[in-house]
Amino acid sequence: MGNIVTAINLRKYFPIVGGVFRRKIGDVKAVDGVTFTIKTGETFGLVGESGCGKTTLGKTLIRLLDPTSGKILFDPEGNLPEDPKIGERINNYDISSIKGRKLKSLRRYMQIVYQNPSTSLNPRMLVKDIVAEPLVVQGLAKGKEAEERVLQILERVGLAREHLYRYPHEFSGGQKQRIAIARALITHPKFIVLDEPTSSVDVSVRASLLDLFKELQKKMGLTYLFISHDLSMIEAISDRVAVMYLGKIVEIADPRELFNNPLHPYTQALFSAIPIPDPEVKRERIILGGEPPSPANPPSGCRFHPRCRYAKDICSKQEPALIEVKPGHYVACHLY
Ligand SMILES: Nc1ncnc2c1ncn2[C@@H]1O[C@H](COP(=O)(O)OP(=O)(O)OP(=O)(O)O)[C@@H](O)[C@H]1O
Ligand SMILES: [Mg+2]
């Protein structure tokens, strides 16, 4: 299996302006130096507290936001070179600063599904036009041909011809999300960011959407970045999971390993909040002390150190690197 997306030391800062002269007085460091690779065909889960930078990372990877620095390697064929250090060749795949027509033609391969279809779908457009929009914008099809393709994709997501000439408000939450999924799929993308795609629907609908994502992935050869703060959902759908804390990735592992053997003290605290079904097994509930710090002014060294119960001297001084401590299990912590 090859790789489809690689982020190298990727950063996305939002300027903070203030004062009478509206000058820049600082930065919100929403994504602050992350390096990781997403394998072709996998579901890469991304978890972390609200505000830690998940959405910003997802949008930056697909160039809906311009990165502040770092590289994004993307190969629609899913054959990125394994070792991103191989100099010249990686520049052929670097999409971090492409613009204009080049960027536009890549958009068809990278799509996003947002949390809330009620705000992401234009209420004044017919379903057939909402779903066809990316095709038209990309100049890939129009008129009858576009409509045929819309119909095909609607059927794939569990909708039908009778839905073409309706408006979003005529649908349930789950159906609206299916429309949003159809729109994301219409250009036959390779990589899709699913940003909390089931958190606006009922639990009963959630399972059917998860099944749909799995089925579409298999049939259409998709790779997902699946963002959620629902850990049980992340476990159910992901092949590998990254844990994010204040703009950094602190741990990456496959979900079972992460749940059974979380290494980073933050991951341990995060997972200690999930109830275990077996009453014989007791898990200590770890309450995180202190306030979640601000990404405008992150703590020195390891960003988690002010809330960490194992913090030692070095933790406030030196930032830990993300290292592979066992095959496929990466952690950024001075304990290891
Ligand atoms: N357009 C923007 N301008 C300024 N700051 C922003 C912008 N978008 C996000 N931020 C800030 O960047 C940080 C990360 O936000 P982001 O939305 O990426 O977090 P998140 O992990 O997706 O949170 P949630 O789980 O609540 O969706 C937050 O401090 C947020 O306030
Ligand atoms: Mg978000």
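Where does Arg22 lie? In this predicted model, local features require pLDDT of at least 70 and side-chain atom pairs count only at pLDDT 80 or more, while totals for chains, interfaces and linings use all residues. Residues are numbered from 1 along each chain as its sequence is written, and chains are lettered from A and ligands numbered from 1 in the order in which they are written.

Arg22 is located in the loop between β1 and β2 (23-39); strands are DSSP runs of E with at least two residues, helices are runs of H or I with at least four, and both are numbered from the N terminus. Although Arg22 is not a glycine, its phi is positive, at about 50 degrees. Arg22 is exposed, with 8 other C-beta atoms within 10 Å (exposed denotes 12 or fewer other C-beta atoms within 10 Å of the residue's own, with C-beta atoms placed from the backbone).

A positive phi of about 50 degrees is also found at Asn9, likewise not a glycine. Asn9 belongs to strand β1 (residues 3-18) and is exposed, having 12 other C-beta atoms within 10 Å.

Around ligand 1 there are 13 residues, of which Phe14, Ala30, Ser50, Thr55 and Thr56 come nearest (a residue is near a molecule if its C-beta atom, placed from the backbone, lies within 6 Å of it). At least two residues of this shell come from each of β2 and α1 (54-61), and α1 contributes the most, with three residues. The shell comprises five nonpolar, seven polar and one charged residues, where Ala, Val, Leu, Ile, Met, Phe, Trp, Tyr, Cys and Pro count as nonpolar, Asp, Glu, Lys and Arg as charged, and the others, Gly among them, as polar.

Note on methods
A residue is buried if 20 or more other C-beta atoms lie within 10 Å of its own, exposed if 12 or fewer, and partly exposed in between; C-beta atoms are placed from the backbone.
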